[in-house]
Amino acid sequence: MGRHLQTLAAAVIFLLLSWIFFTDQFSSFPNPNSDIVCQLQEPTAPTFYDDPTDIYTLDTPMLQWDKKRTRWLHLHPAFSPPENRLLLVSGSHPSPCPDPSGDHFLLRFFKNKVDYCRIHGHDIFYNNAHLHPKVRSVWAKLAALRAAMVAHPEVEWLFWLDSDTVITDMDFVIPFEGYEGYNMVVDGWPDLLVNRSWVAVNSGSFFIRNCGWSMEFLDVWAGMSPKSPSYDKWGGVLRSTLKDKMFPDADEQSSLIYLILEGPKRWREKIYLENRYALSGYWHGIVGRFEGMRAEYGAWGEGRRRHAEVVSEWYGAERGRAAKEGGWRRPFVTHFTGCQPCSGEHNVEYEGDLCSVGMKRALDFADDQVLQNYGFVHTALGDASLVVPLMRKVE
């Protein structure tokens, strides 16, 4: 018995010594996250967050935002310079959808945006609260953007997407290098702008820089919203300015066009009208062409090669070059204008289930681009529940 106890004691001592040796060895290895953790520690020096007059809402102008943001970045060097760091911002109503399929559609629309952000390393903020009692409906995006700018001084760009938009090119890399000198990028057409059309720009999908110009512009833009005592007046002004505007109320899109046309030069000279790619593609002319897009994409050899999701941007860049040379490309954003997925009360021009079928096809088309990285693909567009494993390169 004594001999067994001695053997057991020796084994315990050996294990303890081994544990001490190995933990000491591993503790001497550099921790790759230690520097980041140190840089992320909140400094004691005051920032604009310590000033109670700097608020998140549209009620009070944010003065000297560039100076305040620059100081915050100086005190948080882990985030400086911000370069083209992006935050995608979207949202929907706080209450459940009246249409039985509405909440499911909104979930899938949201998942689509989350997938894109994960693939490209962007952050996302999805809001379903009324951040201002009078800035609701189509105007709610302005309150969300103002709050997001204050909450995220580390991002350079904010990407607003309406809840009824689908990113249908998950590989697409935003060409920020072409927007130097601009503070807002919106889907737009100069010829329609000259003709003072209500559809000259689309405010359902746009980029806006996190800067003092944007803070001031949001204040001016919101000054035409229901929070303004002149809201009713603006409805008449916009309708008389834009010849094809049919409804009387002031909306955010008409107001944006008005500011570009009639506002001070300092606004329009910083707004870039993007039409080189589909920043807000009209869904009705797109959803019937997805099979053809699949075939065009499959014809490019590298596009058919399986790869890790983390390197999707490289493949997207290669595909983008091939698309530019071949004259084909997937629309970056497909916008289901007039479909109202939450309420189901779509435009009367879209008969029957045209909207719901189109939304399902677009969501499946985008989802296939994600699922391929996980080894699956939909059997057909329009039935999200049916997928099959990929056993070979996608043709």
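1. How many helices and strands does the protein have? There are 13 helices and eleven strands in the protein, where helices (H or I, at least four residues) and strands (E, at least two) are DSSP runs numbered from the N terminus. This is a predicted model, in which local features need pLDDT of at least 70 and side-chain atom pairs count only at pLDDT 80 or more, while totals for chains, interfaces and linings use all residues. Residues are numbered from 1 along each chain as its sequence is written, and side-chain values use heavy atoms, with hydrogens and water left out.

2. Of the 395 residues in the protein, 45% are buried, a term that means under 20% relative accessible area, with exposed meaning over 50% and partly exposed in between (1.4 Å probe, protein chains only). Taking contact as heavy atoms within 4.5 Å, 74% of the contacts between residues at least 6 apart in sequence join residues at least 24 apart.

3. An open sheet is formed by six strands in the order S2-S1-S3-S6-S5-S7, with mixed pairing; two strands pair if DSSP finds at least two bridges between them. Strand S2 (123–127) and strand S7 (271–274) are at the edges with a single partner strand each, so one side of each has no neighbour in the sheet. On average, neighbouring strands of this sheet are turned by 25° against each other, direction ignored.

4. Helix H4 (residues 102–120) lies across strand S1 (86–91), S2 and strand S3 (157–161), and runs at about 160° to S2, whereas helix H5 (residues 140–151) lies across S1, S2, S3 and strand S6 (201–209), and runs at about 10° to S6. For these angles, axes are lines fitted to C-alpha atoms, for helices over the stretch in contact, and angles run from 0 to 180 degrees between N-to-C directions.

5. Helix H7 (residues 212–222) has eight of its eleven residues buried, so H7 is largely enclosed by the rest of the structure. The buried residues of H7 include Trp213, Phe217 and Trp221.

6. How do the neighbours of H7 pack against it? The axes of H5 and H7 come within 10 Å and cross at roughly 160°, and the two helices are therefore roughly antiparallel (over 145 degrees). Leu142, Leu145, Arg146, Met149 and Val150 in H5 meet Ser214, Met215, Leu218, Asp219, Trp221 and Ala222 in H7, and by class this contact has eight nonpolar, one polar and two charged residues. The axes of H7 and helix H9 (residues 252–262) also come within 10 Å, crossing at roughly 115°; this contact is made by Phe217, Val220 and Trp221 of H7 with Glu252, Ser255, Leu256 and Leu259 of H9.

7. H4 also packs with helix H13 (residues 354–371), at an angle of about 25° and with the axes 11 Å apart, and H4 and H13 are therefore roughly parallel (under 35 degrees). The contact includes Phe105, Arg108 and Asp115 of H4 as well as Met359, Lys360 and Asp364 of H13.

Methods. Angles under 35 degrees count as roughly parallel, over 145 as roughly antiparallel, 65 to 115 as roughly perpendicular and the rest as oblique. Ala, Val, Leu, Ile, Met, Phe, Trp, Tyr, Cys and Pro count as nonpolar, Asp, Glu, Lys and Arg as charged, and the others, Gly among them, as polar.
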